[in-house]
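Here is a short briefing to read alongside the model. Please keep the 3D view open as you go through the points.

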Amino acid sequence: MNEEAYTDDEKELFEILEFLRETYKNTPTNNDKEKKDLEEYINMNQNLEDSLRRFANVRYERKIAKENLYKNRFFEFYEERCEHCKHLNNLQPLREEIGNLELTYYVFKCVNCNKEFNGLHNTDEGFITWNDHIYKLMTEPHPDGGTLAHKAKISPQEIKGMKQRIDDYKETVRKEKEEDEVQRKNDESVAENVRNAIVTYTLEKHKLMSGNKTIGES
Ligand SMILES: [Zn+2]
């Protein structure tokens with residue numbers, strides 16, 4: 001368990017829960033029913049803390065994995081074709097630059113011709129924007145008739161394939177964003193539950209400390 005995984009609210013709640021557990025563990029009981037109620041209460045309290053800790057740790061691992069993906073992007077290998085000699089390289093980027101349409105891309109050094117060349121756009125948004133841009137250029141009717149695709153002898157079939165690949169890519173990115181959003185809402189609702197629990201259990205702690213609270217009353 002990593003302490004960094006927990007929010008301040010969660011840490012505060014865990015302290016209150018622990019205080020309540022420890023206090024109730026040392027509370028004398030009058031009969032079996034009271035004893036059983038007390039044990040159930042302590043279990044419930046512990047289960048709440050355990051499940052919140054598990055949730056927070058999964059959330060934390062997800063965050064670290066995302067950060068690492070970004071941090072390690074210069075150490076990953078990318079398959080990119082050299083624009084000079086057309087050699088297909090599998091390389092780590094030298095650096096990142098900003099080019100046309102304010103989009104970022106990696107710069108590589110070709111192992112075949114030793115020249116530097118630019119890779120494809122290295123973000124989802126960049127990839128989509130760039131391909132949309134190219135597609136538009138290719139298919140827009142020219143004032144003198146025809147399209148760039150036609151002039152470049154790119155078949156309608158190839159253009160259709162290009163459009164399909166762009167659309168598929170957009171759909172994949174859309175789904176990923178949707179999943180992120182579900183996750184974000186879930187995290188938010190847990191955070192709200194934690195805040196509510198702090199209020200409830202703090203009240204209970206105060207009652208307990210003022211000596212007028214017994215199990216089963218609330
Ligand atoms: Zn090359």
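Let's begin with a pair of strands: S3 (residues 95-98) and S4 (residues 104-109) run antiparallel and are joined by 4 bridges. Strands here are DSSP runs of E with at least two residues, helices are runs of H or I with at least four residues, and both are numbered from the N terminus. Two strands count as paired if DSSP finds at least two bridges between them.

Before the details, two notes on reading the model. Residues are numbered from 1 along each chain as its sequence is written. This is a predicted model, in which local features need pLDDT of at least 70 and side-chain atom pairs count only at pLDDT 80 or more, while totals for chains, interfaces and linings use all residues.

**The sheet**

- S3 and S4 make a hairpin with 5 residues between them, and Leu 101 in the turn has a positive phi of about 60°.
- S4 is also joined by 4 bridges to S5 (residues 116-121), and these two strands run antiparallel.
- Phe 108 finds its bridge partner in S5, namely Phe 117.
- The hairpin of S4 and S5 has 6 residues between the strands, and Asn 114 takes a positive phi near 70° there.
- Together, 3 strands form an open sheet with antiparallel pairing, in the order S3-S4-S5.
- S3 and S5 stand at the edges with a single partner strand each, so one side of each has no neighbour in the sheet.
- On average, neighbouring strands of this sheet are turned by 40° against each other, direction ignored (axes are lines fitted to C-alpha atoms, for helices over the stretch in contact, and angles run from 0 to 180 degrees between N-to-C directions).

**Helix H5**

- Helix H5 (residues 156-209) has 54 residues, which at 1.5 Å a residue should span 80 Å, and its end C-alpha atoms agree with this at 79 Å apart; the expected span is 1.5 Å times one less than the number of residues.
- Of the 54 residues of H5, the number buried is 2, so the helix lies largely in the open.
- A residue is buried if 20 or more other C-beta atoms lie within 10 Å of its own, exposed if 12 or fewer, and partly exposed in between, with C-beta atoms placed from the backbone.
- Gly 211, which follows H5, has a positive phi near 85°.

**The whole chain**

- The chain has 5 helices and 5 strands, running α-α-β-β-β-β-β-α-α-α from the N terminus.
- The domain assignment, which is automatic or from a database, gives domain 1 (3-72 + 190-210) and domain 2 (76-122).
- The centres of domain 1 and domain 2, taken over C-alpha atoms, are 50 Å apart.
- Along the principal axes, the C-alpha atoms fill a box of roughly 95 × 40 × 25 Å.
- Of the 218 residues of the chain, 7% count as buried.
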